[in-house]
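The points can be read in order beside the sequence and the 3D view.

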Amino acid sequence: MSIFGWFSAPASEEARKLAVIGGRLEDSNAAVYGEMHRAAGGRILVFPTASGEPDIVGPETVQVFRAYGFEAELSPVYGEGALAAAHDPATVALVQQFGSVYFTGGNQANIINALAPGGVETPVLAAIRAVNQAGGLVAGSSAGAAMMSRTMIVGGTSLDATVFGVTDDPEKPGMLIGEGLGFFSWGIVDQHFIKRGRLGRLIVAMAKAGVQRGFGIDENTALFVEGHRARVIGEYGVFVVDMSEALTDPRGRTFENIGFSYLDDGDGIDLHRMRPFPGVTKRRVRLSEVAYRAPARSQRNVFGAYTLYDLLARLVLGDALVYSADRATAVEPKTGMAVTVELERVRGVSRGLIAIQESGLRMTALNFRVTVMSERLSAARLASRATKLARDYGVTPGPQSQLMLLGSSPLQGDPALMAEVLRRVNGPVGIIAAASAEPHVTAATHIDAFRAHGVEAIDFGITIDNVERISRDKEIVEQIAALKTIFITGGNQIRLVETLLHRGEETPVLLAIARAHAAGATVIAPSGAASALSGFMIAGGSSYEAFRYGVSSDTGHGGLVLQEGVGLFGPGIVDQNLFSSRRLGRLIVACAEEGVRYGFGICEDTLIVAPGDNSPIEVLGRHGVVLVEIDHANLLLQSDSFVARGIRLSFARPGDRINVADGTVERTSPPAAATAALERLIGELMAECGALPMSDGSTEHLRNKAIVMGFNALGDGTAFLDVECVRDDRT
């Protein structure tokens, strides 16, 4: 049965059919492959034209289609012989024989150069248009989707687009646009949309080309089109952007009054009227389901993976009477330009709908509004943004306030770690075990450990399930605020943050912790809790996944998972268990993706003591801490690559102090051991990632999709690391 049965269109209407897929189409996506099978009548010709590895990608794609019952063959339009094959009558006959075509991902310019070189249509392109007009399917993923609109986005990030605009020179910053093949006539198409934060570049492309409609399709998701009817199938959804009433300043710094809707799996749209149709399972948010009543105050990169999706989800689940807009920012470090995107739910116009499924909550957002605005930051504001991630809790910690962040639990491993903790305990210790899957058992274990050393400890019994109730108990809240020592146990850092920032809002419990800390209390956080205290929290992913796949939406997908942290620790992003878990690479990528200058990788049996007045951080324990310093001027984050040069690594041994003002380490021992630790960390990182040593001028790693690293140890406990990696979009 057609997915378009819910439209009242004449049954005899002949419709051109398209499958516009946002990239990373997984082999297991039976829904998308099944709909393509129906639309194509079970026959398809595969064009690996865009791919840099067509000899591999082409046959693999054919096999996937065959596994879903397709009669599938490989088109010869690829590689060096692509142009000749596009003029070959035998290829034309293949197109006519199969009647439907599929374009893989890669570089969309390769498709244009093969099928319409210099704007001249080849016989194969003419044949594809003919079968499409006769009812055949034209499908494409990633680059195969980008080429479908008449105006085609060729390259560039949202940050480049909003700061530098459109350029004709690929060697200059900015975004590139060109002419596509025009199969999709309803607006500009962009892909990998939510994962790669491409709302900014779509808006800039639409403004430049004078196109009023834009369609941003996320990964593993397809927009199926028949005539003027379209429907979404997939893992996420499609942003439909409307600039028909948009206002733009002459310099291109501000884009206002832009309408947009987010269409989810099962939703549809009449492309003639631009009228969306929510899926039959969607309904309004019930009063009991309202989760948010205040902005997130997000510090995440607004064009980072899933940032805007997460903000939109908050608005859909928010109380529209008191919470109608949210925003986040990204900064271009070379120019100091800050780009802010604000999403707005317009009262009486916007609608937020949800469906509760086995896979989780699904949402639809209709008739929302977005504004994009830019400003140049002063040098002081730029430096502060890169080095201060602390949330503003309305109180200011002083020199007596201390955060103790531990790379592992003091109850295990080297007893000296527990001894260091006990040295700084003052009065009864308040235990918060909300990160644990068994909070009461974990709290009791810690209470016993402290009592064994003559220290009284209190379990407040705070969990993700009861934090709202406890937050209403003023006596408990004030008791927490009066503590001189608070111990937040390790465990699942996501669970901890979702407890203290319950439903994205600062709980009275968290505010009490912040008040206690500002009044001079020591807050102790081991392992995962240490990561949670930064403004950004690493919540999952290996170093290899971080380099190869970038940021992911959740721990169920390959990639680095970043979320909002509690924000008590401001100097940088924290990761822990660095030696045993080989996490240096993911710490580097986290800092790079979020525009943060410093990362602190705390090794096992090690702790850092951070005073509240930003004076030097003391390193104690057994192994030490690696300080990662990113030079964002030498950083290239593109959709298909990660290139970072001049990453400064400094290893601080126990007894050393880290100066966060300039990234230097005050050493108390010869640097040989620190240099050896860096060499160990880099060696283990290269082994995990299968990295190759960097060689001058070679590009072999680009063809092999390898990770390459160049490492230069200075012998003084510092080193410089260069990393180049081709990112795998799994198109």
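1. A nonpolar core here is a set of buried Ala, Val, Leu, Ile, Met, Phe, Trp, Tyr and Cys residues joined through side-chain atoms within 4.5 Å. Buried stands for under 20% relative accessible area, exposed for over 50%, and partly exposed for what lies in between, with a 1.4 Å probe and protein chains only. The largest such core has 93 residues, and Phe547 and Phe642 have the most contacts inside it. Apart from it lies another core, of 55 residues, including Val509, Leu510, Phe600 and Ala610.

2. On the basis of these values: the model is predicted, local features need pLDDT of at least 70, side-chain atom pairs count only at pLDDT 80 or more, and totals for chains, interfaces and linings use all residues. Residues are numbered from 1 along each chain as its sequence is written, and side-chain values use heavy atoms, with hydrogens and water left out.

3. Which residues does phenylalanine 642 contact, leaving aside its neighbours within four places in sequence? Contact means heavy atoms within 4.5 Å. The partners are Phe547, Ile588, Val589, Ala592, Leu635, Leu636, Leu637, Val723, Glu724, Cys725 and Arg727.

4. Aromatic pairs deserve a separate look. Rings of Phe, Tyr and Trp (its six-membered ring) pair if their centres lie within 6.5 Å; planes under 30 degrees apart are stacked, over 60 edge-to-face, and the rest tilted. The count by this rule is 18 aromatic pairs. One of them joins phenylalanine 193 and phenylalanine 239, which are tilted at 45° between the planes and 5.6 Å centre to centre. Phenylalanine 193 lies in the loop between strand E8 (188-191) and helix H9 (199-209), and phenylalanine 239 in strand E12 (residues 237-242), so the pair ties together parts 46 residues apart in sequence. Helices (H or I, at least four residues) and strands (E, at least two) are DSSP runs, numbered from the N terminus. Both phenylalanine 193 and phenylalanine 239 are buried.

5. Phenylalanine 260 and phenylalanine 368 have ring centres 6.0 Å apart and planes at 50°, so this pair is tilted. It links distant parts of the chain, with phenylalanine 260 in strand E14 (residues 254-264) and phenylalanine 368 in strand E21 (residues 360-376), 108 residues apart. Phenylalanine 260 counts as buried at 4% relative accessibility, and phenylalanine 368 does so at 2%. One aromatic cluster is formed by Phe193, Tyr236, Phe239, Phe260, Tyr262, Tyr306, Tyr309 and Phe368.

6. Tyrosine 306 has a phi near 65°, a positive value in a residue other than glycine. It lies in the loop between strand E17 (283-284) and helix H10 (307-316). Is tyrosine 306 buried or exposed? At 4% relative accessibility, tyrosine 306 counts as buried.

7. Aspartate 605 also has a backbone angle to check: its phi is near 55°, a positive value in a residue other than glycine. The residue is in the loop between strand E31 (598-602) and strand E32 (606-611). Aspartate 605 is buried, with a relative accessible area of 9%.

8. In helix H15 (residues 474-481), the buried residues are Ile476, Val477, Ile480 and Ala481. They cover an arc of only 140° around the axis, which puts them on the same side of H15; the arc is that of the directions from the helix axis to the C-beta atoms. The face turned away from the buried side of H15 carries the exposed residues Lys474 and Glu475. What the buried residues of H15 pack against is helix H14 (467-471), strand E25 (485-488) and helix H17 (508-518). At the start of H15, a side-chain oxygen of aspartate 473 comes to within 3.1 Å of the backbone nitrogen of glutamate 475.

9. Helix H1 (residues 30-40) has Val32, Tyr33, Glu35, Met36, Ala39 and Ala40 buried. They cover an arc of only 160° around the axis, which puts them on the same side of H1. Just after H1, glycine 41 takes a positive phi of about 65°.

10. Leucine 202 is in helix H9 and is buried, with a relative accessible area of 0%. Among its contacts beyond four places in sequence are Ile153, Phe193 and Val241.

Key. Polar contact = N/O pair within 3.5 Å; in protein donor to acceptor, adjacent residues only side chain to side chain.
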